[in-house]
Amino acid sequence: MAERREYYQNEDDEVEEDEEDSGGDYKISGRDSLVFLVDASKEMFIKGEDGEPSNFDMTMQCVRSVYTSKIISSDKDLVALVFYGTEQSKNPRNSFKHVYVYHDLDSPGSQCILDIDKLLGEKGAQFAEKTMGSGETSLGDALWCCSNLYSDIKLRLSHKRLMIFTCRDEHHGGDGAKDRQARTKAADLKETGVVIDLMHLTKPGGFDVSLFFCDIVSPPEDESELGLQIEPCRKLEDLQKRVRAKELKKRSQSRLTFSLGEGVNLAVGVYVLARTATKPSAVKLHRDTNEPVRTKTRYFHAHNGGILLPNDMKRAQVYGKKQIVMEKDEVDEIKKFDDPGLVLMGFKPMDRLKLHHHIRPALFIYPEEEQISGSSCMFTALLLNCSEKNLFALCRYIPRRNTPPRFVALVPQREELDQSQTQATPPGFHVIFLPFADDIRTVDAHVGPTASDEQVDKMKEIVHKLRFKYKSDAFENPVLQQHYRNLEALALNMLEPEPIEDLTMPKVQMMDARLGPLAQEFKDLVYPPDYNPEGKPAAKPESGGGAAEKKAKVEMSEEELKNHVAKCTLGKLTVPVLKDACKQFGIRTTGTKKQELIDALTILQNLCLIN
Amino acid sequence: MARAAKSALVLCMDVGFSMSNSEPGQEPSFEQAKKVIQKFVQRQVFAENKDEVGLVLFGTDGTKNGLAEDGQYENITVHRRLMMPDFELLEEIESKLQPGGQQADWLDALVVCMDLLQEETMGKKFERLNIVLLTDLNVQTSADQLDVIIDSLKKARITLQFFLPFPVDGEDRADGGGDGPGPSAAPVRPGKGLSRQQTQGLEMVKNIMTSLEEEDGLEEVYTFSDALQKLSIFKRIDRRPMAWPCHLTIGSSLTIRIVGYKAVTEEKVKKSWAIVEAQSHQRDDVKRETVYCLDDDNETEVQKDDTIQGFRYGSDIVPFSKVDEDQMKYKSDGKCFSVLGFTKQELIRRHQFMGSQVVKVFAARDDEHAAVALSALIRALDSLKMAAIVRYAYDRRSNPQVGAAFPCIKEKYECLLYVQLPFMEDLRQFTFPVLENNKKFKPSESQLSAVDALIDSMMLVEKDEDGESVDVFKVNHIPNPQFQRLFQCLHHRGVNPDDPLPPVEPWLKRDLERPQAVSARCQTPLQDVKTKFPLKVVVKKKEQKTSADVFGSSADEPDAKKVKVDEETEFNLAEIAKGNITSVGSVNPVRDFCTLIRQKTVSFDQACQQLTHRIEQLLGNRSPEYYMKSIACIQAFRDQSVSSGNAELFNSYMQSLKRSVPDRNLQELWDLLIQDALTLISKDEVDGSTFSKQDANQFLAFEQKEEVQAAPVQEDTGDVDDLLDMM
């Protein structure tokens, strides 16, 4: 976190700042929580046609995927799994019948995954039947029980969500009192800030939301959202998508003013839609107890040993042989150009946004009506106009206090829905970072002969054969996946981790099969018969020549050394050669600087002469 | 690794008396030339390349050069031989470079410079030898040696640059050779005002330059003012990209030899700040120590060797040693650039570019077969509007990426542009409420047309006379202001160690503003937008949040919990009966503290000391989760102090806490204290207090740093540890 970093500032503070930059939403706002409330009635266990999994099985797979993704992406979030309509009961005070709390609200760990695995598939259904069974249903009791789960949590919860998974649009068989109780309890929950979602599953004859559930679930975020009309989920994929869309609370990285000039300001929230997921950093543990240990860093005076407080230290850099000293505050002040915010410079046609002007992953902005009312309207007008005219807005962007400015392109994106009426792209502007002059390097282009039409056409055939539809979420990060599989294996005492499928590897066999003779035909067109593209590039003298030279020089004779010393030509030798020579003559060198090595050798030689 | 090519350069400046003359209202040529030299050396110092610079002055009162003999080459001083420029040189220029009272032949000075260059570069390798002459040419020169001089310049491959107070031929020619942005607005002085010597000198300059470099020669003649403008920009950080040789593979049998270069990447300041001791300014006086400790009450220290590493797996922490990790981790099989398939360019969204760089991929150098093969791929992709999706791994140790290689065909060359694309784990699918079909936010026709007009007035791409569109705000031509500002401040501090930092340079500020023409044009449309769109800052009904709102026990949680919390904070009779509380523990410090005070098992001072110790521990965690607990402690501390009528301990603790806020980054905590109005105990509450009610109220305000220092009492550098000792 930022505050701790203050103490490590002498390292590469730039890099760390970046982490913070992309890390973003770690504000002190408490933890997110999610309760899965799953119907365990007989209907849920009916298998679909053609051996499709039952609704219950589908739900469990979905829950499992949320659990694992929580473990990876937000391990502080709390998750609970509660069944209702069960025969058996299990809840904290056992005050509710037919409600089975499978997992209490807690951050999910390895054991939870194992528990859920028990409920998967055919065996899972049997296991569920044995442990919980199906019985009477009272959604009211179930909701009440859930509200107790929330209230038993000592931690501050920032976002509370409850998802009901069921395939029954009517729960209490016409028992009005039970219906009423469920409504009241749902209302109570909603009043305490819990958002209730319905993940309704297929039911023969169609799921009628208006029968009962329309009064249970939370109203959609805005009135135009067609929340309840959506079709029930038929496929696991749909269900997962829908759950995932709801499960993550979107949180802005920061809220900023977007100034068009002359006091025309709107408020926007800045969001991170894509950010490189990295392996979490390791935690230090005490060897004996596996207890986590904290690190404390302090500075002390080298001579008197006194602890140095921040005020006792200054910052320095050396340039032109001079040390230049500044206060910590001054170092910060240098980075300050203006207050945080977005300032509009003007507009440019989209074709002025160069593909290769890329230095960082993009951000996303969306209006913040709660900060400045009217922002949304103004924002929408800008969005519509820019996208109509195919323009982007150029802005100066200062994300935080004491941060130097960057220029960004705001690229408009209008909302798009996919076939299932779920939002595929949200409305707003993407924030694309633009490079300064310093960020563009001078590359000496290699100029060579170009291909003939025939050669190009052959390549076109190859390209054609290997076409596919790119989707941004098609590739998993094999490094992360492997890491978590390893952890999983260790945590769950597995013999070895589950193998991962590395999607980043080319499917060579399939590609070869698709290409058939094309690859050879292309090679015949562009390469002469004796050409081997896989051979080491000829122009690599450093590796080949360097190694040979090294070998030759290792055996530097005493005579040679004498000569070098006499003629003062030791300086012409390279550091590795000198080092080898030192080793050869048994001189222990402390330094690695060239001059130190030369000095050592010279001294040795002079000693020899005396002897 | 190829060593960066370095150049040797001699600055040769005329300090003769004519240089000090100036027309009224004009800066003397001497001052202008001095500034040019200063700015130049400054740039060199901060660019930190290996270039060596010498300084020769002519027109000096004294004579000091290797050629001076028998009255020849008089009044020419080699001020500094070839060396890497440093602050010493900057300081010398600042303080010691004074106008001389003599005149010297600039051709003689040129010969001295040539001699210096040749002598000093003997046996060293320089890519470029250059002499920069700054003079007003206002001196009699003997042209008889001119041909010999030109010849030896050519032979030694020394290049020349002239900096003059006036343009070389009436019209402004200086805009050709510069590397910096910005229009050249050199005041053009008419050639008529020149003296006879100057006209003659100018002819000679032209003669030399054209015979050295043919037509382009005159582009190396600059005016002082033009040079100053260009030099005021610190050199951009120029790095030679490293070549990355690899093979592009399609399937198992098709391979093309390629080389990649990092073409665009965010450049960072090369140097970081070192920590030095405030008095001695010595780096070695500061020692850093990191200790490991258990998260228990005593913060038991643990040796580093006794720690192992583990990873969080949800709520579990899995011990996972480095050795095991290395053995089990994903292993990539070395560098690669393997095509996974081809896809339509439009399916790759610009905003999903990941990573921090763009790599340009060429065919291996001097391999024409590879060039043809790659060209076929580039052209095929270009005509099909497709891109290759590739697996990219820099080397064996680095993580593999999936990215896109786009075709790029320029007039002079062809290449692939590689950009990293996201992994599934990198993406966050957020859903946002509808905007354009939302009745509440839908802009009216008149609003839309107002924005339309605004956009038209703010276009940064304009058509010039020839109908070509010109970009008037090219970000990729602007130097990174962060570096410019940093170097400006470093230079200023280096030369004037005791001065405050200078303000941002005006040109730099201007670079970051909307172009003036655009600003002027958009005035009216902006006013129109302002009237048509009601934008109002929302004043929050509940502006002030208390800490209870921020953390836990908020209103939206069931009362059941609140009761429980209260139970806990109230001291518990049963606990007292047990009489087992002897010190303030970390689990429930508030309860322990209250109990101790009531039981009077330890003195009030001791109880307070124990409590503040716990508070410090809580704050030391720097985890905001602990703020709530800390605040509860402070609240209890205050309450108990008021009821015991002892304000001193609390007040002094609060003062020291306040002093440590900036350094410990506790602003958030302090804000919460403000919201809870947890201020000093005033006289009104406890007689012994030295603070009036007003003092106490003002205490929490934390606007200016000065205020903190102005805070009364205890002038020493108040630290919590001191305080603990004191108690």
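Strands (E, at least two residues) and helices (H or I, at least four) are DSSP runs, numbered from the N terminus.

This is a predicted model: local features need pLDDT of at least 70, side-chain atom pairs count only at pLDDT 80 or more, and totals for chains, interfaces and linings use all residues. Residues are numbered from 1 along each chain as its sequence is written, chains are lettered from A in the order in which they are written, and side-chain values use heavy atoms, without hydrogens and water.

**Exercise 1.** State the extent of the interface between chain A and chain B.

Solution. Start with contact (heavy atoms within 4.5 Å). It links 229 residues of chain A with 221 of chain B. Next, take buried area, the accessible area (1.4 Å probe) lost on putting two parts together, summed over both. The value is about 22000 Å², with 60% from carbon and sulfur atoms. In chain A, A:Arg294, A:Arg441 and A:His446 lose the most area to chain B, together 4% of what that side buries.

**Exercise 2.** Count the salt bridges between the chains and work through one.

Solution. The criterion is a Lys or Arg side-chain nitrogen within 4 Å of an Asp or Glu carboxyl oxygen. The count is 14. One of them joins A:Lys279 to B:Glu325, with the closest N and O atoms 2.9 Å apart. Helix α10 of chain A (residues 375-389) gives the most to the side touching chain B, with 13 residues.
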